[in-house]
Amino acid sequence: MADRIAELLAELQRRNPGEEEFHQSVTEVLASIGPVLSRHPELDRHRTIERICEPERQIIFRVPWTDDHGEIRINRGFRVEFNSALGPFKGGLRFHPSVTLGTVKFLGFEQTFKNALTGMPLGGAKGGADFDPKGRSDGEVMRFCQSFMTELYRHIGEYTDVPAGDIGVGQREIGYLFGQYKRITNRYEAGTITGKGIEWGGAHVRTEATGYGTVIFAREMLNARGQDIEGMSCSVSGSGNVAIFAIEKAHQLGAKVIACSDSTTAVHDPAGIDLDLLKQVKLVERARLTEYVDRRAGSEVIPDGGIWSVPVDMAMPCATQNELHEADAKVLVANGVKAVVEGANMPTTPDATALLTDSGVAFGPAKAANAGGVATSALEMQQDASRDSWSFGYTEQRLTEIMKSIHRTCFDAAAEYGDPGNYVLGANVVGFLRVSRAMVALGVI
Ligand code: NDP
């Protein structure tokens with residue numbers, strides 16, 4: 001089986017040259033599924049793993065737009081529709097200058113497994129553009145979004161493919177995208193995109209869901225080890241949608257977040273991050289974190305941006321991929337970290353993950369821990385389909401149940417496959433089995 005997995009990987013690398021992040025995410029999954037294929041030769045005969053690694057459809061398009069000075073700008077848009085065995089394609093859009101086809105494929109591949117873990121009828125997809133919204137006026141962001149949707153609209157729909165936000169795509173961008181979709185199609189098809197505002201088809205808790213869900217998953221993981229999140233000190237990288245609401249939920253559950261970051265600065269605030277100030281600086285003013293330090297007595301900038309050098313009980317990387325390296329993991333372990341839980345997608349490098357798990361640190365992988373966002377997107381789709389609107393409390397209760405169920409499912413699968421407490425294994429096994437079985441049932445698709 002090891003030879004077969006190695007061949008599979010070599011072939012994937014040959015056919016997808018230069019897409020390192022995609023190779024990395026597939027490598028991690030393939031490392032887990034050998035025992036599953038041995039136990040389920042019928043899945044292997046149907047070549048489900050080869051099929052899962054090949055996206056159903058990849059769309060790349062030109063996005064021309066005009067800036068505030070009348071200059072014409074060109075970006076590249078992507079939508080990779082990875083797998084629709086379990087339901088319509090579903091996954092966010094990322095606007096960041098670093099976005100390439102390889103980035104979108106890694107995210108779409110991860111999304112397929114994550115969506116399967118939620119137990120909801122969702123396929124996997126991801127998209128985005130190499131557009132940088134930073135420093136752009138509202139008008140420029142709107143014109144970009146309108147141009148992007150002018151191509152994307154023909155590929156999406158509530159039964160086809162349902163985008164949402166990701167890095168650089170928040171409620172403002174979702175509004176401009178949905179507005180253009182509505183205008184072109186002449187249909188108020190709210191279930192075509194999630195992360196909408198409450199007044200225009202959105203759902204309570206969607207904004208908070210990924211961060212909240214990550215912390216709920218962390219709590220479950222700690223409880224399974226006889227530990228308690230209450231009283232723990234934490235660091236959370238990033239200060240965007242996921243990070244801010246991870247901090248909020250951690251504080252609600254009695255933990256204290258003492259460090260956070262953005263793409264240029266990391267901040268240490270021993271008294272605990274002032275969430276109102278952080279939201280004001282990052283969500284309202286869209287400013288740099290140095291503004292936070294200027295206004296908050298007792299807080300300081302961490303030299304060299306080294307957020308992982310702050311001693312904490314729990315670390316939550318919530319910014320971007322490959323942001324927590326082996327050297328960071330060593331420092332965290334030396335400082336006595338008990339848990340690392342991924343709010344971002346693939347934020348921990350493979351070496352760092354191995355070091356943490358070998359050191360006995362509880363490790364919550366993204367595809368399980370941050371699945372609360374997409375799960376709540378599915379709840380938004382349910383409300384749109386039934387023309388209903390649920391309360392914050394009810395929706396949060398649903399999210400909590402889903403996260404507990406994801407935790408339990410991964411925990412049980414890891415134990416069944418002989419490595420109790422290995423959530424990477426558990427998540428990959430469950431995701432693979434669910435998608436594979438559906439693909440076999442649906443024929444050679
Ligand atoms: P946001 O754009 O809201 O925030 C991203 C944060 O990360 C910002 O603070 C940003 O800093 C920082 N950041 C971005 N790129 C880098 C980089 N290259 N180096 C260091 N810091 C960086 O994005 P989200 O919070 O929505 O997404 C964060 C992560 O969570 C991503 O991995 C995303 O895929 C994942 N995720 C998001 C979900 C969601 O519902 N939004 C769902 C599941 C996963 P700055 O402010 O300087 O730009």
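In this predicted model, a polar backbone atom of Gly240 sits 3.4 Å from an oxygen atom of the ligand, a polar contact in the sense of a pair of N or O atoms within 3.5 Å. Gly168 also uses a polar backbone atom, 3.0 Å from a ligand oxygen. With Arg288 it's the side chain that takes part: one of its N or O atoms is 2.7 Å from an oxygen of the ligand. On its own, the ligand has 900 Å² of accessible area, and the protein covers 82% of that (Shrake-Rupley method, 1.4 Å probe).

Local features need pLDDT of at least 70, side-chain atom pairs count only at pLDDT 80 or more, and totals for chains, interfaces and linings use all residues. Residues are numbered from 1 along each chain as its sequence is written, and side-chain values use heavy atoms, with hydrogens and water left out.

Who else is around the ligand? The shell holds 24 residues, and Asp166, Thr210, Ser263, Arg288 and Asn345 come nearest; to be near, a residue needs a heavy atom within 4 Å. Sorted by class, the shell has 12 polar, 7 charged and 5 nonpolar residues, with Gly counted among the polar ones.

Now for the domains, whose bounds come from an automatic or database assignment. Domain 1 (2–188) and domain 2 (209–360) each give at least three residues to the ligand shell. Their centres, taken over C-alpha atoms, are 26 Å apart. Across the interface, 13 residues of domain 1 are in contact with 12 of domain 2, contact being heavy atoms within 4.5 Å. Together the two domains bury about 920 Å², with 41% of it on carbon and sulfur atoms; this is the accessible area (1.4 Å probe) lost on being put together, summed over both parts.

How values were computed
A polar contact is a pair of N or O atoms within 3.5 Å; within protein, one must be able to donate a hydrogen and the other to accept it, and residues adjacent in sequence count only if both atoms are side-chain atoms.
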